[in-house]
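These exercises are worked from a sequence and its model. Each task is followed by a solution in steps.

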Amino acid sequence: MPEETDVPQVLLGLARDDELAARSLLPVEGVTDAILGFHSQQAVEKSLKAVLALRGVEFPFTHDLDGLLELCQGNGIEVPEELSDVDHLSPYGVQLRYGAIRPSVLDRDQALRWAASAVGWAGRVIEQPTDD
């Protein structure tokens, strides 16, 4: 188990893995929206949780991106404007993976933009030099 101080970096690494998976799978014939949406959603979720962990904010075990965004905002964490509608990916976190809901049409390019934006933002926040 990683030390508590490593949690943001571990989550950021996992978010980068999911973004890369989504980006790599995009051109593969037969990859469904559910698979691409899942990896995009996971990249965003882990990015948000990485920044929350860095700031010492406890977060619930959830795939609800809107709830995580609200948690960020409620704790004074500025989230990029381009992530304002990212909650459209929330159903891809679990519900679609297990067939709990019917899939809607995923804007695959937008999903990747959200993933890249979240990972890039989290990386900048976590890896910025500190004034210690």
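**Exercise 1.** Leaving aside its neighbours within four places in sequence, which residues is L12 in contact with?

Solution. The model is a predicted one, in which local features need pLDDT of at least 70 and side-chain atom pairs count only at pLDDT 80 or more, while totals for chains, interfaces and linings use all residues. Residues are numbered from 1 along each chain as its sequence is written, and side-chain values use heavy atoms, with hydrogens and water left out.

Step 1. Helices (H or I, at least four residues) and strands (E, at least two) are DSSP runs, numbered from the N terminus.

Step 2. List the partners. Contact means heavy atoms within 4.5 Å. With neighbours within four places in sequence set aside, L12 touches A50, V119, A122, G123, I126 and E127.

Step 3. Check the burial. L12 has 0% relative accessibility and therefore counts as buried; buried means under 20% relative accessible area, exposed over 50%, and partly exposed in between (1.4 Å probe, protein chains only).

Step 4. Compare sequence and space: L12 and G120 are 108 residues apart in sequence, and their C-alpha atoms are 9.5 Å apart.

**Exercise 2.** Describe the packing of helix 1 against helix 4.

Solution. Step 1. Two packed helices are described by the angle between their axes and the distance between the axes. Axes are lines fitted to C-alpha atoms, for helices over the stretch in contact, and angles run from 0 to 180 degrees between N-to-C directions.

Step 1. The axes of helix 1 (residues 7–25) and helix 4 cross at roughly 155° and come within 10 Å. Helix 1 and helix 4 are therefore roughly antiparallel. The cut-offs are under 35 degrees for roughly parallel, over 145 for roughly antiparallel, 65 to 115 for roughly perpendicular, and oblique for the rest.

Step 2. The crossing of helix 1 with helix 4 is left-handed, meaning that the near helix is turned anticlockwise from the far one by less than a right angle (right-handed if clockwise).

Step 3. On the helix 1 side, P8, Q9, L12, A15, R16, E19, A22 and R23 take part; they meet L112, A115, A116, V119, A122, G123, I126 and E127 of helix 4. By class, this contact of helix 1 with helix 4 holds ten nonpolar, two polar and four charged residues. Ala, Val, Leu, Ile, Met, Phe, Trp, Tyr, Cys and Pro count as nonpolar, Asp, Glu, Lys and Arg as charged, and the others, Gly among them, as polar.

**Exercise 3.** At what angle do helix 2 and helix 4 pack, and how far apart are their axes?

Solution. Step 1. The angle is about 20° and the axes are 9 Å apart. Helix 2 is therefore roughly parallel to helix 4.

Step 1. Helix 2 and helix 4 cross in the left-handed sense. The contact of helix 2 with helix 4 divides into 17 nonpolar, two polar and two charged residues.

Step 2. Take S40, in helix 2 (residues 33–54). S40 has a relative accessible area of 0% and so is buried. Beyond four places in sequence, the contacts of S40 are A22, L89, A111, L112 and A115.

Step 3. Take A43, also located in helix 2. A43 is buried, at 0% relative accessibility. Beyond four places in sequence, A43 is in contact with A15, D18, E19, A115 and V119.

Step 4. Take I126, in helix 4 (residues 108–127). Is I126 buried or exposed? I126 is buried, because its relative accessible area is 15%. Beyond four places in sequence, its contacts are P8, Q9, L12, A50, V51 and L54.

**Exercise 4.** Describe how helix 2 packs on helix 3.

Solution. Step 1. Helix 2 and helix 3 (residues 65–74) pack at about 25°, with axes 10 Å apart; helix 2 and helix 3 are therefore roughly parallel.

Step 1. Helix 2 contributes Q41, V44, E45, L48, K49 and L52 to the contact, and helix 3 contributes L65, L68, L69, L71 and C72. These residues of helix 2 and helix 3 divide into eight nonpolar, one polar and two charged.

**Exercise 5.** Summarise the whole protein: how many helices and strands are there?

Solution. Step 1. There are four helices and zero strands.

Step 1. Of the 132 residues in the protein, 42% are buried.
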